[in-house]
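Work through the exercises below with the sequence and the 3D structure open. Each task is followed by a solution in steps.

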Amino acid sequence: MPVTSPTARIKPSGGATATFATRWIRQSAAIITVHGELDAATAPEFATYAIRHTFHTRRLVVDLSGVEFFGTAGLAALEDLDSKCRANRVAWGLTSCAVVDRLLRIGQAAFPRYPTVSNALTELGAKVARSLQLVPQPR
């Protein structure tokens with residue numbers, strides 16, 4: 001099985017209609033941009049692609065603003081990503097669009113959402129900085 005770099009642009013196999021790309025902001029932040037449809041055909045590959053990044057960054061933003069269709073498999077992929085980010089102590093969040101918001105609202109998903117990628121990077125940077133602060137030892 002070939003290994004793909006976490007920075008590679010991916011078009012899922014089988015004629016699926018989604019693309020994933022990663023942009024790195026410094027070494028501690030990655031932005032994954034998704035375009036097309038996150039459905040039963042593409043969501044597993046998206047989950048694998050996104051989860052790979054949790055081993056290489058402290059901050060991860062998933063930009064779903066270019067998603068045209070978002071099915072329950074996409075929701076499951078985000079749940080898997082959320083779990084892996086928690087396990088690897090990666091601060092993460094997503095930007096959204098109407099089709100994604102609708103399913104997240106119906107599913108009552110509580111993923112960290114931000115209005116823009118820039119806002120997400122700022123807020124996640126502050127979150128990481130707070131988690132790295134040293135706590136003084138009592139004397």
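The model is predicted, so local features need pLDDT of at least 70 and side-chain atom pairs count only at pLDDT 80 or more, while totals for chains, interfaces and linings use all residues. Residues are numbered from 1 along each chain as its sequence is written, and side-chain values use heavy atoms, with hydrogens and water left out.

**Exercise 1. Layout**

Task: State how many helices and strands the protein has, and in what order the elements run.

Solution. Step 1: take helices (H or I, at least four residues) and strands (E, at least two) as DSSP runs, numbered from the N terminus. Step 2: the protein has 4 helices and 4 strands. Step 3: read from the N terminus, the order is β-β-α-β-α-β-α-α. Step 4: for burial, count a residue as buried under 20% relative accessible area, exposed over 50% and partly exposed in between (1.4 Å probe, protein chains only). Of the 139 residues, 45% are buried. Step 5: for contacts, require heavy atoms within 4.5 Å. Among contacts with a separation of 6 or more, 64% join residues 24 or more positions apart.

**Exercise 2. Packing of α1 and α2**

Task: Describe how α1 and α2 pack, and list the residues that meet.

Solution. Step 1: two packed helices are described by the angle between their axes and the distance between the axes. The angle here is about 20°, and the axes are 9 Å apart. Step 3: α1 is therefore roughly parallel to α2 (under 35 degrees is roughly parallel, over 145 roughly antiparallel, 65 to 115 roughly perpendicular and the rest oblique). Step 4: on the α1 side, Ala43, Phe46, Ala47, Ala50 and Ile51 take part; they meet Ala73, Gly74, Ala77, Leu78, Asp80, Leu81 and Lys84 of α2. Step 5: the buried residues of α1 are Ala43, Phe46, Ala47, Tyr49, Ala50, Ile51 and His53. Their cover includes β1, β2 (29-38), β3 and α2.

**Exercise 3. Aromatic pairs**

Task: Count the aromatic pairs and classify the one formed by phenylalanine 20 and tyrosine 49.

Solution. Step 1: rings of Phe, Tyr and Trp (its six-membered ring) pair if their centres lie within 6.5 Å; planes under 30 degrees apart count as stacked, over 60 as edge-to-face and the rest as tilted. Step 2: this rule gives 3 aromatic pairs. Step 3: for phenylalanine 20 and tyrosine 49, the centres are 5.7 Å apart and the planes stand at 35°, a tilted pair. Step 4: phenylalanine 20 is in strand β1 (residues 18-25) and tyrosine 49 in helix α1 (residues 43-53), so the pair ties together parts 29 residues apart in sequence. Step 5: phenylalanine 20 and tyrosine 49 are both buried. Phe20, Phe46 and Tyr49 make up one aromatic cluster.

**Exercise 4. The faces of α3**

Task: Work out which residues of α3 are buried and what they pack against.

Solution. Step 1: in α3 (residues 98-106), Val100, Leu103 and Leu104 are buried. Step 2: these buried residues fall within an arc of 100° seen down the axis, so they line one face of the helix; the arc is that of the directions from the helix axis to the C-beta atoms. Step 3: the face turned away from the buried side carries the exposed residues Ala98, Arg102, Arg105 and Ile106. Step 4: the buried residues pack against β3 (59-70), α2 (72-87) and β4 (91-95).

How values were computed: Axes are lines fitted to C-alpha atoms, for helices over the stretch in contact, and angles run from 0 to 180 degrees between N-to-C directions.
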